[in-house]
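Please look at the sequence and the structure below before reading on.

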Number of protein chains: 2
Amino acid sequence: MRQSAGWIEALTGTNRTRLSVRAGEAVFLQGAAVTAVYAVKRGRVRLTRRLEDGSAIVLHVARAGEAFAEAALFADHYHCDALADTDTEVEAIPKADVRARLEADPGLCLDLARALAAQVRDVRARLELRNIRSARERVLAWLRLQAGRVPGEVELDRPWTAVAAEMGLTHESVYRALASLESQGTIRRKRNRVYLPGRAGAPSRDRPTLSI
Amino acid sequence: MRQSAGWIEALTGTNRTRLSVRAGEAVFLQGAAVTAVYAVKRGRVRLTRRLEDGSAIVLHVARAGEAFAEAALFADHYHCDALADTDTEVEAIPKADVRARLEADPGLCLDLARALAAQVRDVRARLELRNIRSARERVLAWLRLQAGRVPGEVELDRPWTAVAAEMGLTHESVYRALASLESQGTIRRKRNRVYLPGRAGAPSRDRPTLSI
DNA sequence: CAGACGCTATGATTGCAATCATAATCGTGG
DNA sequence: CCACGATTATGATTGCAATCATAGCGTCTG
């Protein structure tokens with residue numbers, strides 16, 4: 001769910017260039033001719049669209065292990081800036097190489113489509129999560145979405161501050177929500193684990209449906 | 001940007017079944033074996049994930065002209081429910097047919113990837129938009145994102161109420177934001193058009209960057 | 001034509017998350 | 001080891017969007 005570079009790992013035998021980019025510098029700029037697609041090896045890259053009046057909107061933040069600019073495979077020019085947030089290392093794979101491989105290898109193309117479909121699902125779920133106004137309910141919904149593998153358990157792989165940003169809340173609100181949920185017995189916490197007892201026999205209809 | 005069923009229109013010659021679904025009824029249910037991918041012809045379909053404790057989380061709302069369950073192409077079982085929000089008509093295309101065509105036709109597969117990449121971009125942009133807290137700034141950013149073709153102009157193809165929902169604001173807030181932006185001269189409105197004068201020579205650095 | 005319904009619009013009030021402040025704890029590197 | 005930064009808290013206050021209410025308007029329909 002998190003890493004979106006899987007298909008790019010499967011893309012063996014292509015030229016790859018390792019680039020080091022200092023914080024604030026650009027991997028590519030909006031309007032430049034597309035030369036490559038990228039994978040973040042270390043650090044963080046921010047994709048922003050510059051608008052006519054000079055303002056900018058963040059479209060995405062790609063982290064280590066993620067590919068970015070996949071859409072560039074289908075465009076002549078980059079539609080956004082890619083700016084290093086911190087000191088960052090990326091791998092560049094020439095667009096032409098990737099296209100050639102994709103056109104020759106339907107299996108690889110399907111892998112790409114699979115990765116993109118997974119991304120769509122992931123980011124859509126995050127978007128719908130934002131439709132939950134209440135911080136408590138939002139945090140709870142996020143936890144329940146994470147509790148995929150072990151049913152009633154979530155193990156964090158990053159600090160709550162990062163999770164808070166992903167959820168679109170301040171970390172203070174998240175800590176408060178967690179404290180509130182724990183005090184009312186909805187969750188339990190131990191170290192970086194959260195347990196969702198999910199009181200036995202809770203019927204679905206007594207709980208308000210989380211919807212848009 | 002809006003329609004995501006383009007590739008499915010290009011998929012000619014496959015079996016298609018037209019289904020009518022009453023409001024509240026299911027197109028498919030979580031856990032069921034994947035049989036088809038779908039396109040909404042009329043109405044609205046809500047994709048929800050049911051959780052162990054009976055609660056549900058909305059993953060996506062597919063509207064007329066959009067395809068849904070593309071991810072099903074890569075799965076054996078549906079991972080969510082598809083419930084008709086209103087009386088709805090959908091078109092079902094058997095998964096096996098689609099897979100066969102995709103494996104045989106790299107061009108079609110690339111079309112699918114292209115459509116998915118566009119969806120990722122679109123929904124990411126919407127997600128980042130949510131990171132703007134201020135209703136005024138969010139509405140303004142949305143307008144600027146829409147003003148792609150004609151630089152300083154946005155023409156609405158749907159009512160503000162729908163736009164408000166997409167932006168994650170109440171329609172009241174949107175009307176207020178529009179009124180405020182207009183009164184301060186940032187935008188002008190005529191019928192269903194919005195003009196963004198974008199005061200000439202506005203330097204980029206005097207405006208706070210909209211970021212996460 | 002009347003009535004219903006959806007869209008546009010604005011006023012008043014309130015709830016709640018952001019914000020600002022402060023502090024304990026933990027981990028890390030110099 | 002100690003200093004510094006990041007993380008995990010929690011308290012007080014405030015700003016602002018949601019909510020509730022009301023109304024004019026447009027358009028569709030019987």
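Around DNA strand D there are 16 residues, and those that come nearest are A:Pro159, A:Trp160, A:Ala179, B:Ala135 and B:Ser173. A residue is near a molecule or strand if its C-beta atom, placed from the backbone, lies within 6 Å of it. This is a predicted model, in which local features need pLDDT of at least 70 and side-chain atom pairs count only at pLDDT 80 or more, while totals for chains, interfaces and linings use all residues. Residues are numbered from 1 along each chain as its sequence is written, and chains are lettered from A and ligands numbered from 1 in the order in which they are written.

At least two residues of the surface near DNA strand D are supplied by each of helix 5 and helix 6 of chain A and helix 6 (171-183) of chain B. Helices (H or I, at least four residues) and strands (E, at least two) are DSSP runs, numbered from the N terminus. Helix 6 of chain A gives the most to this surface, with 5 residues.

DNA strand C has 17 residues around it, and A:Ala135, A:Ser173, B:Pro159, B:Trp160 and B:Ala179 come nearest. Two or more residues of the surface near DNA strand C come from each of helix 6 of chain A, helix 5 (160-167) of chain B and helix 6 of chain B. Helix 6 of chain B has the largest share, 6 residues.

The table gives the make-up of both surfaces. Ala, Val, Leu, Ile, Met, Phe, Trp, Tyr, Cys and Pro count as nonpolar, Asp, Glu, Lys and Arg as charged, and the others, Gly among them, as polar.

| Surface | Nonpolar | Polar | Charged |
|---|---|---|---|
| near DNA strand D | 6 nonpolar residues | 5 polar residues | 5 charged residues |
| near DNA strand C | 7 nonpolar residues | 5 polar residues | 5 charged residues |

Next come the helices of chain A. Two packed helices are described by the angle between their axes and the distance between the axes. Axes are lines fitted to C-alpha atoms, for helices over the stretch in contact, and angles run from 0 to 180 degrees between N-to-C directions. In chain A, the axes of helix 5 (residues 160-167) and helix 6 (residues 171-183) come within 8 Å and cross at roughly 105°. Helix 5 of chain A is therefore roughly perpendicular to helix 6 of chain A; angles under 35 degrees count as roughly parallel, over 145 as roughly antiparallel, 65 to 115 as roughly perpendicular and the rest as oblique. On the side of helix 5 of chain A, the residues are A:Trp160, A:Thr161, A:Val163, A:Ala164 and A:Met167, and they meet A:His171, A:Val174 and A:Tyr175 in helix 6 of chain A. Two residues are in contact if their C-beta atoms, placed from the backbone, lie within 7 Å. The residues of this contact comprise 6 nonpolar, 2 polar and no charged.

Helix 6 of chain A also packs with helix 4 (residues 135-146) of chain A, at an angle of about 80° and with the axes 9 Å apart. This makes helix 4 of chain A roughly perpendicular to helix 6 of chain A. Helix 4 of chain A contributes A:Ala135, A:Arg136, A:Val139 and A:Leu140, while helix 6 of chain A contributes A:Ser173, A:Val174, A:Ala177, A:Leu178, A:Ser180 and A:Leu181. The contact divides into 7 nonpolar, 2 polar and 1 charged.

Among the strands of chain A, strand 4 (residues 44-50) runs antiparallel to strand 5 (residues 56-63), with 7 bridges joining them. Two strands pair if DSSP finds at least two bridges between them. In strand 5 of chain A, A:Ile57 stands opposite A:Arg49. Strand 4 of chain A is also joined to strand 7 (residues 81-84) of chain A by 4 bridges, again antiparallel, and A:Leu47 stands opposite A:Ala82 in strand 7.

In chain B, an open sheet of 4 strands has the order 1-8-3-6, with antiparallel pairing. Strand 1 (17-21) and strand 6 (67-68) of chain B are the edge strands, each pairing on one side only. Strand 1 of chain B pairs with strand 8 (residues 88-94) of chain B over 5 bridges, and B:Arg18 stands opposite B:Glu91 in strand 8.

Confidence in chain A averages a pLDDT of 84, where pLDDT is the predictor's confidence in each residue, from 0 to 100. Helix 1 (residues 6-10) of chain A has the lowest mean, 76, and helix 6 of chain A the highest, 95.
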